[in-house]
Amino acid sequence: MKKYIKIVVLGVLIIFNYTSCSDEFTVVDPIGLINEDDFLTTDAEAESVIYGIYDLMAWNYNRPWNSAFVLKVLAGDIANAGSTTGDQPPLQQLDDFIHVADNPAITGVWEGFYKTIGLANVLIEKLEVSELASKDKFIAEAKFLRAYSYLELVTMFGDVPLRITTPKSIDEFGLARSSKSDVYAQIENDLAVAINGLPTKGAIGEPFRISKEAAQAVLGKVYLFQEKYDLAAIEFETVISSMAFDLEPNFADVWSSSSENGIESLIEINYVSTEKYDWGNFPWGGRPESNIHAQLMGPRGDAFDVAAIGIANGWGFNIPTAKIGAAFNNAGDVIRKNATLISEADLITAGGAVTPPDAGIHDYEGYVRLKYVTKTEDTDGPINELNYGINWRLLRYADVLLMAAEAYHKNNEDPKALIELNKVRDRAGLADVTVTGTALFDAIVLERQLELAFEGQRFWDLVRWGLADTELSSFGYTSKNQVFPVPSNEISRNVLINPEDQNPGY
């Protein structure tokens with residue numbers, strides 16, 4: 001996708017640089033001399049803004065040190081912060097559940113989603129009053145991207161300001177937090193428009209763009225998170241019966257560059273390895289086209305010798321917990337374990353080495369992560385560390401099958417739940433589950449833990465299932481941590497959000 005963006009950025013004449021409330025919304029990059037009133041009158045111009053929204057999404061999941069993807073993975077019991085004790089305190093605080101409202105990683109993610117929403121609002125508003133014949137398809141795509149951003153926000157923060165129009169004056173900046181139910185209702189409305197206007201998977205053109213089936217799957221997820229299980233089951237069944245997606249035959253291939261935007265991917269954030277970044281030109285404060293967080297999450301070079309297993313070193317964040325290693329072992333899940341992590345013993349047997357923990361491997365519990373690992377074939381120098389092109393898979397078909405299994409089970413349709421659950425287990429080389437009732441739900445919980453490890457789903461699953469206290473208390477979790485705090489700078493500049501409106505406990 002990013003190969004298109006470099007053409008696109010010059011075409012986006014107006015980007016409103018606000019979070020949910022900011023006095024910077026009138027800042028406009030002085031690009032070209034086209035009159036704003038004459039803009040968005042052609043497909044090419046509308047498409048350039050759509051690409052700009054995707055670009056903001058990619059930036060928010062890869063913003064240096066403030067990545068939404070890393071933030072979601074770090075929460076919970078799958079990953080520890082890693083690196084060294086004093087490296088990146090905001091991430092260390094999140095890992096230890098001692099983060100506060102001015103944590104820059106949390107603030108950065110909040111801002112990133114609202115910037116994405118802001119540009120989507122600009123496009124939607126201008127197209128709705130335009131005479132562009134093809135405007136409906138662009139509006140559908142923009143509304144999906146807005147809906148997805150709000151789904152991430154409401155999941156991470158609970159009640160959030162719901163901005164679906166562009167402020168026209170300074171008086172319109174203040175915006176109170178809307179209830180989760182109101183935010184979900186807006187998400188559902190946007191997704192309904194998206195589903196009606198988006199092309200099917202086979203007709204989307206550029207592979208990174210959103211399909212009708214992807215929007216249906218996200219709507220199913222929205223219903224599932226609200227415990228509307230009957231509606232969720234309908235949406236997941238529609239996606240499954242469309243046969244637009246399938247499981248990669250080999251689980252390890254899901255993470256290879258050859259499978260990017262492949263048969264299992266519904267939503268994928270794309271990056272490239274061809275920018276030739278070096279230490280002098282890498283845009284640390286800007287929007288890198290490469291995936292710097294692949295390097296961030298690779299095994300530290302001063303702690304692990306991993307050349308023998310064909311991977312490169314990184315900076316050591318998001319390292320596996322002993323708990324996830326034990327979960328794979330206890331389940332006898334060899335195929336997924338071998339594609340997700342490697343134990344110290346197996347690494348040494350393969351010819352690698354580990355520096356003793358007292359030499360400074362922070363949070364190390366005996367495992368090295370392999371999912372989204374740093375491979376030399378995914379980078380293209382001159383400085384390999386800065387040029388990884390690894391894509392984030394935000395939603396894949398295995399997740400859809402497991403959400404369908406959960407929805408069917410909660411809707412008292414255990415036979416259907418078993419069919420979808422066992423599709424995922426079959427690929428992992430595991431015996432079919434045959435239990436029903438509570439035991440089936442427990443099997444779904446375990447399957448999601450193993451299948452989706454290091455994909456940013458585990459923590460939010462535990463919260464919505466009411467299992468976070470049980471599973472996470474030993475990691476420092478308390479009930480306030482079920483959501484992140486509203487960033488303190490949002491409260492300080494938004495006249496309709498006061499300190500007492502902060503999430504409880506922060």
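**Entry 1: Ala147 and its surroundings**

I began with the contacts of Ala147, taking contact to mean heavy atoms within 4.5 Å. Leaving aside neighbours within four places in sequence, I found Ala147 in contact with Ile187, Asp190 and Leu191. A note on what I am reading: this is a predicted model, where local features need pLDDT of at least 70, side-chain atom pairs count only at pLDDT 80 or more, and totals for chains, interfaces and linings use all residues. Residues are numbered from 1 along each chain as its sequence is written, and side-chain values use heavy atoms, with hydrogens and water left out.

Ala147 lies in helix α6; helices (H or I, at least four residues) and strands (E, at least two) are DSSP runs, numbered from the N terminus. Is Ala147 buried or exposed? I read 1% relative accessibility, so Ala147 counts as buried. The scale I used is buried under 20% relative accessible area, exposed over 50%, and partly exposed in between (1.4 Å probe, protein chains only). I also looked up Ala147 against Asn384: they are 237 residues apart in sequence and 35 Å apart in space, C-alpha to C-alpha.

**Entry 2: The cores**

With neighbours within four places in sequence left out, Ile187 is in contact with Ala147, Tyr150, Leu151, Val154 and Val222. Next I looked up the nonpolar cores, each a set of buried Ala, Val, Leu, Ile, Met, Phe, Trp, Tyr and Cys residues joined through side-chain atoms within 4.5 Å. Which residues touch the most other members of the largest nonpolar core? They are Tyr61, Phe144, Ile187, Leu266 and Ile267, out of 140 residues in that core. Helix α6 (residues 135–157) gives this core its largest share, 14 residues. Another core lies apart from it, with 13 residues, including Ala303, Ile342, Leu347 and Val368. As background, nonpolar side chains in soluble globular proteins tend to be buried together.

**Entry 3: The largest cavity**

I then turned to cavities. On a 1 Å grid over the protein atoms alone, a cavity is a set of points where a 1.4 Å probe fits but cannot get out, and lining residues have an atom within 4 Å of a point. Grid points are joined across faces, edges and corners, and a volume is the space filled by probe spheres set on the points. How many cavities of 30 Å³ or more does the whole structure hold? The search finds 12. The largest cavity has about 70 Å³ of space, and its lining includes Lys72, Leu151, Glu152, Lys221 and Trp460. Helix α6 comes up again here, giving the largest share of that lining, three residues. I sorted the lining into three nonpolar, three polar and four charged residues, counting Ala, Val, Leu, Ile, Met, Phe, Trp, Tyr, Cys and Pro as nonpolar, Asp, Glu, Lys and Arg as charged, and the others, Gly among them, as polar.

Since 10 of the 14 residues of α16 are buried, it is largely enclosed by the rest of the structure. Among those buried residues I noted Phe441, Ile444, Glu447 and Arg448. The elements they pack against include α11 (322–331), β10 (392–396) and α14 (397–410).

α14 is mostly covered, with 13 of its 14 residues buried. Just after α14, Asn412 takes a positive phi of about 60°.

**Entry 4: Loops and backbone angles**

A reminder to myself: most residues other than glycine have a negative phi, and most peptide bonds are trans. Ser83, in the loop between β1 (79–82) and α4, has a positive phi near 60°, and at 2% relative accessibility Ser83 counts as buried. Asp363, in the loop between β8 (353–354) and β9, has a positive phi near 70°. Which residues does a cis peptide bond join? I found Gly381 and Pro382, with omega about 10°.

Last, I looked up Val100, in the loop between α4 (89–95) and α5 (104–128). Val100 is partly exposed, with a relative accessible area of 43%. Val100 and Pro485 are 385 residues apart in sequence but 6.8 Å apart in space, C-alpha to C-alpha.

Terms used: On a 1 Å grid over the protein atoms alone, a cavity is a set of points where a 1.4 Å probe fits but cannot get out, and a pocket is an open set with protein on both sides within 12 Å along at least five of seven lines; lining residues have an atom within 4 Å of a point.
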